[in-house]
There are 2 protein chains.
Amino acid sequence: MTTSREIRLRSRPQGLPAAANFELATVELAAPGPGEVQVRNTWMTVDPYMRGRMNDVKSYVPPFQLGRPLEGGAIGEVIASNDPSLKPGDLVQSNFGWREAFNAPASSVQKLNTHGLPTEAFLGVAGMPGLTAYAGLLRVAALKPGDVVFVSGAAGAVGSLVCQIAKLKGHKVIASAGGAEKARFLKDEIGVDAVIDYKATGDSAAALTAALAEAAPEGIDVYFDNVGGGHLEAALNAARPYARFAICGMISMYNAEAPVPGPANMALIIGKNLRLEGFIVSNHWDMMGDFLKELGAWHAKGQLKWRQTVREGIASAPDAFIGLFTGANMGKMLVKLA
Amino acid sequence: MTTSREIRLRSRPQGLPAAANFELATVELAAPGPGEVQVRNTWMTVDPYMRGRMNDVKSYVPPFQLGRPLEGGAIGEVIASNDPSLKPGDLVQSNFGWREAFNAPASSVQKLNTHGLPTEAFLGVAGMPGLTAYAGLLRVAALKPGDVVFVSGAAGAVGSLVCQIAKLKGHKVIASAGGAEKARFLKDEIGVDAVIDYKATGDSAAALTAALAEAAPEGIDVYFDNVGGGHLEAALNAARPYARFAICGMISMYNAEAPVPGPANMALIIGKNLRLEGFIVSNHWDMMGDFLKELGAWHAKGQLKWRQTVREGIASAPDAFIGLFTGANMGKMLVKLA
């Protein structure tokens, strides 16, 4: 028997999730059944989208169940196999995060070839957040030469890669993030053209509109939205005709306990011919090959900079998750499990 | 000398325009100069977009100037010509509306071939509003087989044609309009599948969401927005994955004296992969040929139904315009000048 600890959803959060919404439980795993593998996770990810699954609301993924372990991306090592396709020692990627170990059909995990990258990169820059940045910027926002790009949540896992891709492709980039350390990282390491530190300016639509007008007096052509709220309203004000908005996330809304009014300037989308398009990364897996090829080339030239914020041990996972909403992470937030 | 009366902008409206914002003035026109024609207008149009030009705000068209005649679509007859390209009796279309007669360079008016349609149709179903409906539905919203279509402002010049085109192309159509007479027209004459009379249901997002859920329990794939506000929020709630919103107008906002909060459910555009796209008809003139061809075919088969609301005389133009915002028109609102 293998002992594993896991995080279960004890109650549905109202507003900002709290430790009491989660519980740590211990389970004993039998040997894997026919066609199954047993995996010990080494890394798991926490991502803002998981907040939506904690509500009892139908969406593009079903809600998490109370009393059941949460789910999410993880990387682990096969420790026992009852299927010829995998053997002990193989590295695999799965959606069985939030637990130290698990049994699952071999077909439900993917063998991982790291191409020399650190394994945890596949939960971040080379994984789902990376592809989200790539597909959102290049396909959804249809980035084209000369575009001025505005990115909110710019120090996060997705946002920081959006900034880098846009810079590597020669664009002027304005990044919004909260706090001096994040601002410094974006300006000095990623090399964006201007940073709006919304913890300094305030995050009202008016404050952000003024900051954006100063950073990009010529206006913006692309807005990559991770935040919503005042950032979206400011971006509508700053948009040049035919600007495209890739709406990836609205983290400012996820913990709202009552409906938050949307931008008061939505009518601008008519006269400016704007396009706002929401997307989820799972519709863009077809770009993974192109993405990893470009990413590999940037990495080989030493052009890629990523940050991660690491918590240790399964018991820290709820806190890591909650930290996404309080700005505790620089780059990808991860939990190291073994 | 020819005497002409014209409507000038006396003051910029605050909120709903009032008669006092306009003034009727009389001018004397000399004979047309070299290369000019003199035109007596027979019809002029009033359109919701003109409200935006009454504010002192930069947009895709410059604001109207105080003390100067307003501008807008008109059809008239050449009464004197000093240019070989036009002769007295020719019908022309121009942007010199809001006046009984004018002198202008011959190159600034377009000779009109009516193809047997009533001349005023070229200010409505066969003109700018018609092309707006056609381009918005087919190109911007990218209508495709099986789409369920929701149209707000559905009894207006644009909306009523959107409903008809969608019905002629075999779609389920839900139309929203204000008042029993409009509802009856849409249901019985245009043949839409369901009508929401927002004057009966109320126009809050909650009321419209409930009405839309009843009319289209399966959800909507296309929303043609002429209204904004609660209609837009309800459409976001009703949207099926990958729905496309053609944002043509937000008449509910145009007279707002303070910013009106946007939809409280904007975050739905992420998980549902929605696309919201604003547009102005002037970017779609290239579709005019296709549009008139299809329109002509529908007209020849007797499939086209349009309504117009006609006011008489230049002095009635401000009232006709104001009536756009109080729902006074069924179909195109026009002013007959001669």
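# Briefing: helices, a buried aspartate and chain symmetry

Helix H3 of chain B, residues 157-168, comprises 12 residues and extends 17 Å from its first C-alpha to its last, close to the 16 Å expected at 1.5 Å a residue. The model described here is predicted. Chain B is superposed on chain A by a rotation of 180° with 0.0 Å of shift along the axis, which is the relation of a two-fold axis.

**Helix H3 of chain B**

- H3(B) is mostly covered, with 9 of its 12 residues buried.
- The buried residues are B:Val158, B:Gly159, B:Ser160, B:Leu161, B:Val162, B:Cys163, B:Gln164, B:Ile165 and B:Ala166.
- The packing partners of these buried residues in chain B include the helices H2 (128-140), H4 (180-190) and H9 (288-300).
- Strands E8 (148-151), E9 (172-177) and E11 (220-225) of chain B also pack against the buried residues of H3(B).
- Just after H3(B), B:Gly170 adopts a positive phi of about 90°.

**Helix H7 of chain B**

- Helix H7 of chain B (residues 230-238) has 8 of its 9 residues buried, so it is largely enclosed by the rest of the structure.
- Its buried residues are B:Gly230, B:His231, B:Leu232, B:Glu233, B:Ala234, B:Ala235, B:Leu236 and B:Ala238.

- B:Asp147 is located in the loop between H2 and E8 of chain B.
- With a relative accessible area of 2%, B:Asp147 counts as buried, because the cut-off for that term is under 20%.
- The side chains of B:Asp147 and B:Arg244 make a polar contact at 2.5 Å.
- Leaving aside neighbours within four places in sequence, B:Asp147 is in contact with B:Ala142, B:His171, B:Lys172, B:Asp221, B:Val222 and B:Arg244.

**Relation of chains A and B**

- The superposition of chain B on chain A gives an RMSD of 0.0 Å.
- These copies are related by a two-fold axis, and the C-alpha of chain B nearest that axis belongs to B:Gly262, at 2.0 Å from it.
- The copies meet through the same surface, because 100% of the interface residues of chain B are also interface residues in chain A.

**Annotated domain in chain A**

- An unreviewed UniProt entry carries the annotation "domain: Enoyl reductase (ER)", which covers residues 15-335 of chain A.
- In the model, the end C-alpha atoms of residues 15-335 of chain A lie 23 Å apart.
- That span of chain A is 28% helix and 25% strand.

Key
Residues are numbered from 1 along each chain as its sequence is written. Chains are lettered from A and ligands numbered from 1 in the order in which they are written. This is a predicted model: local features need pLDDT of at least 70, side-chain atom pairs count only at pLDDT 80 or more; totals for chains, interfaces and linings use all residues. Side-chain values use heavy atoms; hydrogens and water are left out. Helices (H or I, at least four residues) and strands (E, at least two) are DSSP runs, numbered from the N terminus. The expected span of a helix is 1.5 Å times one less than its number of residues. Buried means under 20% relative accessible area, exposed over 50%, partly exposed in between (1.4 Å probe, protein chains only). Contact means heavy atoms within 4.5 Å. Copies are superposed by least squares on the C-alpha atoms of residues with pLDDT of at least 70 in both. UniProt positions are given in the numbering used here, feature names are shortened, and annotations may be inferred rather than shown by experiment. A polar contact is a pair of N or O atoms within 3.5 Å; within protein, one must be able to donate a hydrogen and the other to accept it, and residues adjacent in sequence count only if both atoms are side-chain atoms.
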